[in-house]
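This report concerns the charged side chains of a protein model and the places where they pair. Please consult the sequence and the structure shown below while reading.

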Amino acid sequence: MTHCISTRRLGLVSLFLVTLLPLSASAEPTLEDVLEFVTAETAVKQPTEVDSEFDDRLGQFSKLMAENIVDRHVSYGVEFSGKENFVRRLRNGRQRMRSYKKVIHSIELGINTATVRFNERSSYMKDGALTDYDGQMLWVLRYDDDGLVDLIYRFHDGL
């Protein structure tokens, strides 16, 4: 079952997170920086049978991350740390993905943060069965001094 999230609620959550995230980093992301990160993540999740194509996409995406990136899936209470772990998870999930699409609804820029609200639609294999996901997502990205993403907060449907 898909839950809907009101735009107003997402706006309040993103405002809350942007103001509460630690301001230890100082890079100010641009719209182009955020779109590059989101586009690279979308590209690496596209199904492909060609290893070199996947490796190229993964290389482009991983160049946008800090070595010590933290990926928090707030809705599930799960956190992953480190670029190597992030890349390994993407590589391991590659064969499960059947389709992946993202439609961005809004991007808000902060001093060293950005929020991205989008709809995600994907089909992937889970426990031997095809599973479909269609829901709203909110990411809060934090950028380090080098302009690399070092923290991702991910919120799924049901905020």
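Glutamate 53 has a relative accessible area of 32%, so this residue counts as partly exposed. The model discussed here is a predicted one. The side chain of glutamate 53 forms a salt bridge with that of arginine 57, with an N to O distance of 2.5 Å. Both residues belong to helix H3, which covers residues 51-62, and because they are four residues apart there, about one helical turn separates them.

Aspartate 55 pairs with arginine 91, and their closest N and O atoms are 3.0 Å apart. Since aspartate 55 lies in helix H3 and arginine 91 in helix H4 (residues 83-93), this pair ties together parts that are 36 residues apart in sequence. Aspartate 55 is partly exposed, at 37% relative accessible area, and arginine 91 is likewise partly exposed, at 41% relative accessibility.

Helix H4 takes part in a further pairing. Aspartate 71 and arginine 89 form a salt bridge in which the closest N and O atoms are 2.8 Å apart. Aspartate 71 is located in strand E1 (residues 65-73) and arginine 89 in helix H4, so the bridge ties together parts that are 18 residues apart in sequence. Is aspartate 71 buried or exposed? Its relative accessibility is 0%, and because buried means under 20%, aspartate 71 counts as buried.

How many salt bridges are found in the whole structure? A search finds eleven.

| Glutamate 53 | Arginine 57 | 2.5 Å |

Attention now returns to helix H3, where serine 62 is found. Serine 62 has a relative accessible area of 13% and is therefore buried. Which residues does serine 62 contact, leaving aside its neighbours within four places in sequence? With those neighbours set aside, serine 62 is in contact with Lys83 and Val87. Serine 62 can also be compared in position with phenylalanine 37: the two are 25 residues apart in sequence, and their C-alpha atoms are 9.3 Å apart in space.

Terms used: Residues numbered from 1 in each chain as written. Predicted model: local features only at pLDDT ≥ 70, side-chain atom pairs only at ≥ 80, totals over all residues. Heavy atoms only, no water. Salt bridge = Lys/Arg side-chain N within 4 Å of Asp/Glu carboxyl O. Helix = DSSP H or I, 4+ residues; strand = E, 2+ residues; numbered from the N terminus. Buried < 20%, exposed > 50% of the residue type's maximum accessible area, 1.4 Å probe, protein only. Contact = heavy atoms within 4.5 Å.
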